[in-house]
Amino acid sequence: MTAATAVLGYTLRTNLRARRWWALLLAWAAAVMFGLLSFASDEPRQEAFAVAADHGLFALLIPIGCLVIGDAVLGAEMRAGTFHFTWLSPVPTHTIVLGRWLGGWLIALAALVPAVALSAIVARSPDAIGALSLATAAGSAAYIGLFVLIGCVTRRAAVWSLAVVFLVERLLGAALSGVAQLSPMWESRAVYAGLGPDADELLRDGVPDGWAAVARLAIITVVVLVLASWRLRRPRLAAASD
Amino acid sequence: MSTGDPTQAATGSGHPTQAATGSGDPAFAAEATVEVAELSVWFGPKVALSELSCSFGPGVTGLLGPNGAGKTTLMRAMTGLLGPKSGSVRVLGQDPRRSREVQRSLALVPEDEAVPPALTARQLVRYVADLHGVAARMAVERCLEEVDLIDVADRRVGGFSKGMRQRAKVAAALVADPTVLVLDEPLNGTDPVQRAHLIALFRRLGAQGRTVIVSSHVLHEVERLAERQIVLLNGRLAAAGGHRAIRDTMADRPRRVLVRTPQARQLAASLLGIDAVSGVTVDDGSLVVSSSRAGEVAVALPRLARDLATRLEEVRPLDDSLESLFRELVR
């Protein structure tokens, strides 16, 4: 077995524990609820679902789901004190980062893509499933990479990740398109805005949409993974309390 | 194999430097595989290590010190898990923070109990083996057998006792056949049988020419393990050398003994007539005897009590903890 597959296998094995399946059900229940919320609007079906997806799926479900997964694949392990099993090896740091990210992304895909698809089905907008799944896949790739990077940088990864999602992306991103261009939340929303049915309302000036947003998310993913693997060369796995 | 002379000890709060290498300074091993030079680490206002210089070579070296002395910080710095604020650490001539390759020859058993709870012992050891490119399945089985976990190898480590977790971590550390093995309080939580088993294992690894560094705050535990010891206190080198020399050094330092007797004043007067006694304080039925030759005082006390026709209700050393002995070393 190669080191990369060992890291990937370890990531999947340590994160896919029986009691975590409840979290998956929670995500799916939230997705169903956001799908049902679209019925509260008087707008046409597709447009009502686009608004519900904007506020529920892109602003809450995908970031929070990815935060939980992204923190679990690295930051939580650093806090728990088990990361040395991986780090104290000749495996290059980029292999470790890539294995952790890929494991996290696969889990996110398995958890979130069915959830958003379920939401579209519940909202009677099956045409939206393709664009929504692509937006979720591309957005979660960038998000997991971002949270892996935050896990490499700070021990309080969960707190900082929440701050990034709600303060930087949600607040600053809403006001400044320069921030939105670098935000997985806004870019994944823009993927759906460009490719989804009757989602023009979500288009935003200064933020690329459709496939351009997919490319933007891919670039964000690569950049955060490069930064994470650079940071992981010199970890700080101890503090005064240790 | 080169370890310090067991009859030699260096003590004090000074900081031996690299210049001392090869000059017989017991803080330095002649064939060093791990070199620590002027190493300082601090966390905010807390200084964990202060200009520490020492080295480790093949064989078992004990790293002694009370809680908070800096042992864990030193071990983390040695393995690259923690960067020095100043100074340097070299393992097999390389910086463990910069060279991923040196990690092939290095293994750590950390003090904390944390293990990936979802993995079985076999999966954990297999994972470390895969990361190090150890293909042989037998290596995993051999290591599990070595630490006596083969019968529970398919149980999740999350359900293990503290001692079993320690052994699982030791097995994971051994699977890559490391040249330098760093063990932070590896005997914590193990029962006496397992303790003896692990001590024999570590001694065997040392005898094979590996550099085995074992930390502990229990003096007699390290005495059984290592011929050479490095003693840390408050992040500084307090003593180094063979355990007999360190023990003797400690024994030569002033000790205080509490004596409770109905005739405290008379006994105090008699004690002051003994050369070995450097001071006596009397306080309401008890006296505290200061002496750098506690053994002689222990012999003289019953005799003096008999001469005074009094009884000794309590005789208790006040400085018996290892921590206080360490403190004495740097006075």
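Two strands are taken to pair if DSSP finds at least two bridges between them. In this predicted model, strand S6 (residues 106-109) of chain B and strand S7 (residues 180-184) of chain B meet that criterion, with 4 bridges in the parallel sense. Within this pair, Leu108(B) stands opposite Val182(B) of S7(B). S6(B) is covered on both faces. Leu106(B) and Leu108(B) are buried on one side, and Ala107(B) and Val109(B) are buried on the other.

Chain B contains 10 helices and 14 strands. Of its 331 residues, 49% are buried. Among contacts in chain B with a separation of 6 or more, 69% link residues 24 or more positions apart.

One open sheet of chain B has 3 strands in the order S3-S2-S5, with antiparallel pairing. Strand S3 (46-56) and S5 of chain B each have a single partner strand, so one side of each lacks a neighbour in the sheet. From one strand to the next, the twist averages 25 degrees. Strand S2 (residues 34-43) of chain B runs antiparallel to S5(B), and 5 bridges join the two.

S12(B) and strand S13 (residues 286-291) of chain B are joined by 6 bridges in the antiparallel sense. Thr281(B) stands opposite Val288(B) in S13(B).

Helix H1 (residues 71-79) of chain B is largely enclosed by the rest of the structure, because 9 of its 9 residues are buried. The buried residues include the charged-named positions Lys71(B) and Arg76(B). Thr72(B), Thr73(B), Leu74(B), Met75(B), Ala77(B), Met78(B) and Thr79(B) are buried as well. Just after H1(B), Gly80(B) takes a positive phi of about 90 degrees.

Backbone geometry also stands out at two other positions. Most residues other than glycine have a negative phi. Leu92(B), not a glycine, has a positive phi of about 50 degrees. Leu92(B) is found in the loop between strand S5 (86-91) and S6 of chain B. Leu92(B) counts as partly exposed because it has 18 C-beta neighbours inside 10 Å. Asp177(B) likewise has a positive phi, near 55 degrees. The loop that holds Asp177(B) lies between helix H4 (162-174) and S7 of chain B. With 15 C-beta neighbours inside 10 Å, Asp177(B) also counts as partly exposed.

In chain A, helix H1 (residues 3-15) packs with helix H5 (residues 93-122), and their axes come within 8 Å. The axes cross at roughly 40 degrees, which means that H1(A) is oblique to H5(A). The crossing is right-handed. On the H1(A) side, the contact is made by Ala3(A), Ala4(A), Val7(A), Leu8(A), Thr11(A), Leu12(A) and Asn15(A). The H5(A) residues that they meet include Thr95(A), Ile96(A), Leu98(A), Gly99(A), Arg100(A) and Leu102(A). Gly103(A), Gly104(A), Leu106(A) and Ile107(A) in H5(A) also take part. By class, this contact of H1(A) with H5(A) has 10 nonpolar, 6 polar and 1 charged residues.

The two chains also touch each other. The interface brings 26 residues of chain A into contact with 31 residues of chain B. On the side of chain A that touches chain B, H1 and helix H4 (84-87) of chain A are the elements that give two or more residues. H1(A) supplies the largest share, 5 residues. The residues on this side of chain A divide into 15 nonpolar, 6 polar and 5 charged.

Key. Residues are numbered from 1 along each chain as its sequence is written. Chains are lettered from A and ligands numbered from 1 in the order in which they are written. This is a predicted model: local features need pLDDT of at least 70, side-chain atom pairs count only at pLDDT 80 or more; totals for chains, interfaces and linings use all residues. Axes are lines fitted to C-alpha atoms, for helices over the stretch in contact, and angles run from 0 to 180 degrees between N-to-C directions. Angles under 35 degrees count as roughly parallel, over 145 as roughly antiparallel, 65 to 115 as roughly perpendicular and the rest as oblique. A crossing is left-handed if the near helix is turned anticlockwise from the far one by less than a right angle, and right-handed if clockwise. Two residues are in contact if their C-beta atoms, placed from the backbone, lie within 7 Å. A residue is buried if 20 or more other C-beta atoms lie within 10 Å of its own, exposed if 12 or fewer, and partly exposed in between; C-beta atoms are placed from the backbone.
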